[in-house]
Amino acid sequence: MILDDIRVVLVNTSHSGNIGSAARAMKTMGLSKLYLVDPACEIDSHASALAAGASDVLGNAVIVDTVADAIADCALTIGTSARSRTLSWPMVEPRECGEKLVSEAVNGPVALVFGRENSGLSNDELQLCNYHVCIPANPEYSSLNLAMAVQTLCYETRMAFLNQQPKIAEEDDTVYPSSKQTELFYGHLEETLFNTGFIIKQHPGMVMTKLRRMFNRARPEDAEMNILRGILTSINKSIPK
């Protein structure tokens, strides 16, 4: 089932009740894959109480150390974020977020990542995401708690799932690289730019951040990524040792 390949990732959650409430929000919308990144609390009785019947989601939660671990096999990752002028990244609205998650879950795991209650996701974590999503709440009072945010985006995901049922057979079979493969490409690219002298290690500046943003907009397919890796390899071979 498509919804089984859509995972919700909670990062460094500090209150167990928020984990339980998020699990409840997920289950009401048919989602069951919960990943917890370095949680600052345990799944305790308070979490179970607020899960209110979603104890199976809690019991099957996967605990990992980093966001990269949580999304390593995902070809699409969408991170929740307030709109930022300092880190301009491809943005999607909640409805489009749900549509993208559902359409790409046909081909394998995808992830929706939520940050810390008080500070959200770090810039490094946001840069691991293909897109950012911002819930357009009342600008005069935009105080959404974690469970509310999870509920809102899980609802949009479910609606997209219900709306796309007749279209599933029509979806293309485009294969995108996993998050782990993409990070290996960025490492390869950075190494090559160091080798050519384009980036100076002591003063790297914002070059890699801007390149990440460009490739996230372009979203190279798996075969295209292999071509890019091949080009980088050929450049490295041509550089005098």
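Start by selecting helix H8 (residues 179-196) and helix H10 (residues 222-238): their axes come within 10 Å and cross at roughly 25°. Here axes are lines fitted to C-alpha atoms, for helices over the stretch in contact, and angles run from 0 to 180 degrees between N-to-C directions. H8 and H10 are therefore roughly parallel (angles under 35 degrees count as such). Now show the side chains at the contact (heavy atoms within 4.5 Å): Gln181, Thr182, Leu184, Phe185, His188, Leu189, Thr192, Asn195 and Thr196 come from H8, and Asp222, Met225, Leu228, Arg229, Leu232, Thr233, Ile235 and Asn236 from H10.

A word on what's on screen: this is a predicted model, where local features need pLDDT of at least 70 and side-chain atom pairs count only at pLDDT 80 or more, while totals for chains, interfaces and linings use all residues. Residues are numbered from 1 along each chain as its sequence is written, and side-chain values use heavy atoms, with hydrogens and water left out.

Next, switch to the strands. You'll find an open sheet of seven, in the order S3-S2-S1-S6-S4-S7-S5, with parallel pairing. Helices (H or I, at least four residues) and strands (E, at least two) are DSSP runs, numbered from the N terminus; two strands pair if DSSP finds at least two bridges between them. At the edges sit strand S3 (62-64) and strand S5 (91-92), each pairing on one side only. Zoom in on S5: two bridges join it in parallel to strand S7 (residues 131-133), and Val92 stands opposite Val133.

Now pick strand S4 (76-80). Five of its five residues are buried, so S4 is largely enclosed by the rest of the structure; buried means under 20% relative accessible area (1.4 Å probe, protein chains only). Leu76, Ile78 and Thr80 are on one side, Thr77 and Gly79 on the other. S4 pairs with S6 over four bridges, with Thr77 opposite Ala111, and with S7 over three bridges, with Ile78 opposite Tyr131.

Bring the helices back. Helix H7 (residues 146-164) lies across S1, S4, strand S6 (110-114) and S7, running at about 155° to S6. H1 lies across strand S1 (6-11) and strand S2 (33-37), at about 155° to S2.

Last stop: select Asn18, in helix H1 (residues 16-28). Is Asn18 buried or exposed? Asn18 is buried, with a relative accessible area of 18%. Leaving aside neighbours within four places in sequence, Asn18 is in contact with Thr13, Glu117 and Leu146.

Methods
Buried < 20%, exposed > 50% of the residue type's maximum accessible area, 1.4 Å probe, protein only. Parallel < 35°, antiparallel > 145°, perpendicular 65-115°, else oblique.
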